[in-house]
There are 2 protein chains.
Amino acid sequence: MKIVLDAMGSDARPTPDVEGAVRAARAYGLTVILVGDQARIQAELAKHDTRGLALPIVHAPTDIGMTEHVEAVKAKREASMNVALKLVKDKQADAFVTAGNTGAAMAAAIVGPFALGRIQGIKRPALTTLFPTNTGRCLLLDIGANTEVKPEYLYQFALMGSIYAERGLGIRQPRVALLSNGEEEGKGPMVVREAYALLKQSQLNFIGNAEGRDIPQGNADVIVCDGYVGNVVIKLSEALAKTLVGFIKDEIKQRPLAMVGALLAKPAFDALKARLDPSAIGGGMLLGVDGVVVIGHGRSDARAIQNALRVAKDAVEGNVVELIRAGLQGEANGK
Amino acid sequence: MKIVLDAMGSDARPTPDVEGAVRAARAYGLTVILVGDQARIQAELAKHDTRGLALPIVHAPTDIGMTEHVEAVKAKREASMNVALKLVKDKQADAFVTAGNTGAAMAAAIVGPFALGRIQGIKRPALTTLFPTNTGRCLLLDIGANTEVKPEYLYQFALMGSIYAERGLGIRQPRVALLSNGEEEGKGPMVVREAYALLKQSQLNFIGNAEGRDIPQGNADVIVCDGYVGNVVIKLSEALAKTLVGFIKDEIKQRPLAMVGALLAKPAFDALKARLDPSAIGGGMLLGVDGVVVIGHGRSDARAIQNALRVAKDAVEGNVVELIRAGLQGEANGK
């Protein structure tokens with residue numbers, strides 16, 4: 001399998017990007033095509049033992065900055081993201097991974113000069129993330145591709161999320177829920193209530209509305225919302241986890257015996273940190289485009305990049321894009 | 001000052017309700033009118049030393065259950081919530097407090113048989129909460145009264161929130177922000193972008209958009225959103241805090257030395273718990289109705305009830321309702 005990596009994606013590019021590619025090539029036997037500044041990529045590769053690994057480089061003379069927008073994606077045809085996507089579009093690679101600017105990466109895949117286009121019948125692509133829960137992980141979508149939605153979009157997010165959860169994440173018969181402000185049918189804004197009606201009639205394992213509390217409690221495998229509330233959920237959760245740990249540290253600092261306690265309890269805190277570490281997740285799928293696209297966090301380290309490449313590999317192996325296409329046709333035929 | 005308390009509000013009614021009233025009457029010199037089953041209230045009062053305290057009882061033969069809806073509010077004219085609100089409506093009390101069913105309490109105040117009505121010019125009332133932050137507290141509204149909003153509603157929520165934060169919470173020139181999925185102007189759904197334009201032109205200390213992370217980070221004093229996303233934020237945050245503490249406990253249990261550490265660090269965890277304890281907040285104001293209405297959590301204990309009564313007292317003393325009325329007129333006159 002060949003996965004193309006935008007090597008100029010992360011904030012510290014291309015260092016973690018290249019190291020993550022080396023790790024993923026070794027761990028999963030992947031060919032990772034590195035796209036970006038050839039000299040800088042070569043210099044990074046020289047730091048690692050790459051014997052026997054398939055890590056070809058494709059040069060791209062420029063890249064998209066963390067503060068650039070869709071205009072830059074359109075104007076810079078030779079930016080690393082665009083060059084990388086072109087390889088997928090031309091069937092020279094099976095998937096595209098970047099830790100670059102999320103908005104730009106979505107734009108490149110959806111409307112850029114080498115956009116992959118949408119799967120036929122899909123109204124809007126949706127960005128996913130995996131949220132750590134009491135019991136495992138919950139797939140949340142959309143977290144930022146669509147600030148406004150229609151009931152049919154939410155329905156399609158649910159369909160795509162269910163297929164991806166089953167085939168890309170290995171969750172059997174995923175429990176699908178709509179994010180709302182109450183459990184009962186009839187709760188929520190009109191768009192949610194209308195999506196509820198669509199989902200109730202579908203073949204999905206739709207369990208009804210989920211409330212905010214159901215996300216961390218792990219009461220659903222797939223939770224569907226618009227990209228506005230999804231984005232608020234993600235950013236709130238990251239900050240809240242940090243704030244809580246900060247509260248505890250503040251309190252501990254004021255108490256000498258608690259300080260000793262904290263030292264003894266440190267391994268437990270480290271384990272918590274590992275459990276919440278976004279680099280364990282790597283990146284989120286952009287579902288609905290006609291190809292496997294994984295977008296990681298700008299702060300990605302090598303481990304995050306490796307995991308984002310694994311996410312892409314799992315989606316390719318799970319045949320997620322084809323199954324979404326077939327799923328849409330199946331629903332259209334009333335199966 | 002006379003505050004009327006629905007003594008049949010909390011899940012464990014009337015025990016914590018009456019005890020909270022006794023505490024508040026003593027601590028703040030309030031007259032607390034207790035509305036509900038006279039015999040049960042008297043039995044609770046007999047458990048406390050109430051010498052010198054003003055705790056009159058007004059009998060109400062029935063009450064609204066935790067699972068009842070707006071229909072029950074309309075049908076049960078003599079439910080404790082309705083009887084209590086009638087006292088405010090008839091100017092026999094300065095404020096109304098309940099720890100009852102939030103939806104029913106809002107319905108009673110807005111559309112019930114003794115509804116207080118909206119402040120003239122207010123399109124929609126909004127429910128508030130205080131969110132604990134790194135630096136103090138952030139007033140968040142709406143958290144559940146309106147699942148659909150228009151730009152003007154958000155603008156009015158900001159105006160009401162700012163006045164309440166200044167006069168009821170003692171925050172000078174509160175920083176007001178709109179919850180969105182990006183900091184820049186132009187981010188967010190259309191309704192948020194249009195509200196941004198209204199707020200930019202206003203006299204408020206509007207600091208622009210806030211993202212999810214800005215809520216716990218304390219980067220704004222008042223954050224405005226629709227009741228759908230506000231409800232998700234509140235329920236997510238409560239559950240996430242519990243989940244994180246659960247994670248830590250799980251990890252600690254697996255490590256004998258960490259267990260000793262946890263014992264030593266226990267005071268710090270207890271302090272965290274106190275900091276996050278919703279009973280320290282007591283209740284949220286329902287802003288926009290023509291009277292002071294404070295709605296507490298069903299799980300309220302006596303301390304929460306006492307604090308909810310303090311919230312009501314502060315709002316009455318701060319003259320919040322009159323100032324909102326004046327603020328609306330001021331904005332209407334282009335002051």
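So, chain A splits into domain 1 (1-122 + 280-335) and domain 2 (128-254), with bounds that come from an automatic or database domain assignment. Keep in mind that this is a predicted model: local features need pLDDT of at least 70, side-chain atom pairs count only at pLDDT 80 or more, and totals for chains, interfaces and linings use all residues. Residues are numbered from 1 along each chain as its sequence is written, while chains are lettered from A and ligands numbered from 1 in the order in which they are written.

Back to the domains. Their centres in chain A, taken over C-alpha atoms, are 24 Å apart. Where they touch, 17 residues of domain 1 of chain A meet 16 residues of domain 2 of chain A; contact here means C-beta atoms, placed from the backbone, within 7 Å. On the domain 1 side, α12(A) gives the largest share, 5 residues. Helices (H or I, at least four residues) and strands (E, at least two) are DSSP runs, by the way, numbered from the N terminus.

Okay, now the two chains. How many residues does each chain bring to the contact? It's 51 from chain A and 51 from chain B. On chain A's side, the elements giving two or more residues are α8 (214-217), α9 (227-253) and α10 (256-276), and α9(A) has the largest share with 21 residues.

Notes. Contact = placed C-beta atoms within 7 Å.
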